Amino acid sequence: MTGKELKQIDAWLDSDLSHEDAADLEAWLRADPAHLEMFARASILHRHLRDLLCAQAMAEKAGESENSRQGLDPGLQPSSLPTSAPVAPVIIAPYSLGHHSPSTSFVDSWPFPYLAATVILGMMLLGFWAYKITHHQHIAGVPSQSVPSDARQEVVFVGRITGMVDVKWSDDPRYLPPSGFAHVPLGREYRLDAGLLEITYDSGAKVILEGPCTYEVESTAGGYLALGKLTARVEKRGEGRGESAKPQAANQKSPSSLILHPSSFIPHPSSLFSVRTPTAGVTDRGTAVGVEVSDEGTTESRVFRGSVRVQIVSDEGREQGVVLRENESARVEGRGKPRITVLGASAKTADFVRGIPKRTIKTLDLVDVVAGGDGFSGRRDRGIDSTNGRIIDALSARSVEGGPSTPMTGDGQYHRMAEMPFIDGVFIPDGGGDAVQVDSAGHVFDWFRDTANTTWQHIWAGGAFRDREYPTKFGGVDHASPGHGLVLLHANSAITFNLEAIRRANPGARLLRFRATAANTGVLAGVQFYADVWVLADGQRRFQRRLINNDQGVASVRIPIYDGDRFLTLAATDAGDGISMDWIIFGDPRLELLVVNANKQKSGRPGRDPARPE
């Protein structure tokens with residue numbers, strides 16, 4: 001482990017790792033099981049040091065409190081105080097696996113680093129895929145000794161997050177975003193810079209927040225919208241609750257008494273849901289309604305179904321309210337002296353998202369792309385000459401088993417594939433000289449071995465091989481069978497896909513990840529041959545597997561594709577023992593695309609509520 005990796009691990013443990021360094025650290029972890037062990041030990045050491053510091057702080061605080069109660073001088077030296085027997089640390093004995101020796105700690109045994117690394121790496125990858133990395137570290141604080149335990153505020157949960165689409169949380173360093181589909185506590189503030197967030201209250205009410213938006217959960221049946229848009233859908237009492245609705249706690253207060261911010265707006269006791277804004281209060285009586293708050297504090301409400309009451313209270317205490325029914329809307333302007341303007345059904349009002357769009361995952365087949373397709377046409381049996389970029393319809397007749405023994409030699413150039421828009425280019429990866437160009441943008445990579453700039457075979461998209469002996473079955477799957485496919489990269493060969501072109505051809509879809517299985521299927525008379533496998537994004541290593549042979553099974557390749565990634569490169573190189581029998585095959589290489597339903601169910605005019613049955 002170099003100083004670079006150690007700094008990246010420290011940065012990740014401190015929640016201060018950049019996007020680029022996160023991808024680099026992930027590739028390093030995947031490259032070698034020994035790296036996982038290093039990572040686990042560094043994490044364990046970090047945890048022990050943190051626990052030690054926390055324990056020391058608690059002991060010092062407890063000592064100060066005890067001195068204060070006994071009237072001791074805070075400056076009194078510990079040596080002059082009565083001594084007591086040391087408190088033994090609490091030790092949790094690990095579960096014994098099999099005939100594990102009692103004299104050997106499970107922490108010091110070989111399975112522990114791998115187990116710890118697996119858990120830590122899984123959490124790390126989940127964080128990279130789903131959410132931004134914040135500068136906050138979650139460390140449990142020591143309860144204040146000055147506050148009795150029975151006086152501490154109890155956390156009350158009123159619902160949970162049930163939907164998210166392209167959420168981007170606020171970049172405010174003082175704001176800590178929730179973790180995934182978490183429970184929703186009273187007083188929780190949600191700040192969205194973009195995207196959609198759905199909250200389902202235990203009462204059955206559903207609220208969709210549309211970024212940019214700031215919303216605070218104020219009660220078991222309502223909240224404060226400071227900025228942005230929300231759509232609330234509330235069924236009449238006894239309807240639409242489903243089995244997921246939880247009974248209200250016996251000690252829970254009424255919605256009106258749980259409002260956390262001072263306000264002259266008090267929801268009607270019979271209301272099912274209420275939204276407070278800087279200028280108005282909107283009481284929902286079993287309906288679907290949209291509420292928007294502008295930067296100036298203007299509130300606009302629109303009823304899609306049922307009825308709502310919009311209420312304002314001036315600084316002088318004068319109350320004014322109006323009941324809106326289906327397809328009616330109202331605007332409230334002015335903070336000190338608010339006024340309500342009722343708008344007709346034909347008035348132009350804001351658009352509101354009335355349902356979380358459906359999200360589906362579709363796969364784009366890179367075998368089909370290599371064969372000349374768009375990723376969905378199922379083409380096979382076509383290839384590319386990696387020495388010059390020429391499209392070929394048959395594999396080379398060259399053979400290493402007693403046939404012609406002259407390899408194909410490259411020209412040291414990167415060859416563009418203008419006639420195949422999803423393929424940026426091909427090349428022979430040879431690290432014998434300068435760094436190797438890996439895409440048309442000029443990104444280079446300098447980790448390839450000296451491969452003498454040669455290869456034995458063309459890049460090939462199959463299907464079954466015609467008149468060839470390349471095995472197609474590995475990992476329990478025959479990749480020549482229907483529904484499967486493979487790309488042969490006989491060392492030394494590389495191909496780069498144009499991710500930007502793929503995005504343009506699939507509007508509304510977001511590239512999530514690349515996945516495949518990779519294996520070296522070459523073996524001759526019991527002799528093993530070794531090769532290296534590489535996956536790059538914009539010239540940066542995302543995956544590598546060194547010295548793989550036929551006996552080492554299948555390598556599972558799953559790497560994230562970030563929005564800024566432009567190119568994806570697959571490469572196979574010899575491992576220093578020549579290129580004979582280095583049959584690297586990528587089985588079922590595919591890109592996963594997240595597709596969001598183009599119909600976001602926005603409504604600014606009369607229409608059917610998509611969540612309401614006909």
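**Salt bridges**

I searched the whole structure for salt bridges and got 20. I counted a salt bridge where a side-chain nitrogen of Lys or Arg is within 4 Å of a carboxyl oxygen of Asp or Glu. The model is predicted, and local features need pLDDT of at least 70, side-chain atom pairs count only at pLDDT 80 or more, while totals for chains, interfaces and linings use all residues. Residues are numbered from 1 along each chain as its sequence is written, and side-chain values use heavy atoms, with hydrogens and water left out.

I looked up Glu218 and found it in a salt bridge with Arg276, with 2.6 Å between the closest N and O atoms. Glu218 sits in strand β4 and Arg276 in strand β6 (residues 273-276), so this pair ties together parts 58 residues apart in sequence. Glu218 is buried at a relative accessible area of 2%, and Arg276 is buried at 8%. My cut-offs were under 20% relative accessible area for buried, over 50% for exposed and partly exposed in between, with a 1.4 Å probe and protein chains only.

Next I checked Lys168, which forms a salt bridge with Asp171; the closest N and O atoms are 3.0 Å apart. Lys168 is partly exposed at 38% relative accessibility, and Asp171 is exposed at 54%.

Asp385 and Arg390 also meet through their side chains in a salt bridge, at 3.7 Å from N to O. Here Asp385 is buried at 5% relative accessibility, whereas Arg390 is partly exposed at 46%.

I noted one network of salt bridges, which links Asp172, Arg174, Glu189 and Arg191.

**Asp439**

Asp439 lies in the loop between β21 (436-437) and β22 (444-445). Its side chain has a polar contact of 2.8 Å with the side chain of His443. The side chain of Asp439 also reaches the backbone nitrogen of Ala441 at 3.0 Å. A polar contact is a pair of N or O atoms within 3.5 Å; within protein, one must be able to donate a hydrogen and the other to accept it, and residues adjacent in sequence count only if both atoms are side-chain atoms.

**Cavities**

A cavity is a set of points on a 1 Å grid over the protein atoms alone where a 1.4 Å probe fits but cannot get out, and lining residues have an atom within 4 Å of a point. Grid points are joined across faces, edges and corners, and the volume is the space filled by probe spheres set on the points.

The largest cavity has a volume of about 70 Å³. I listed 10 lining residues, of which Lys206, Ile208, Thr231, Arg233 and Arg354 lie nearest its centre. β4 (206-219) and β5 (222-233) are the elements that give two or more residues to this lining. β4 gives the most, with three residues.

How many residues of this lining are nonpolar, polar and charged? I noted four nonpolar, one polar and five charged. Ala, Val, Leu, Ile, Met, Phe, Trp, Tyr, Cys and Pro count as nonpolar, Asp, Glu, Lys and Arg as charged, and the others, Gly among them, as polar.

Methods. 1 Å grid on protein atoms, 1.4 Å probe; cavity = no way out; pocket = protein on both sides within 12 Å on 5 of 7 lines; lining within 4 Å. Helix = DSSP H or I, 4+ residues; strand = E, 2+ residues; numbered from the N terminus.
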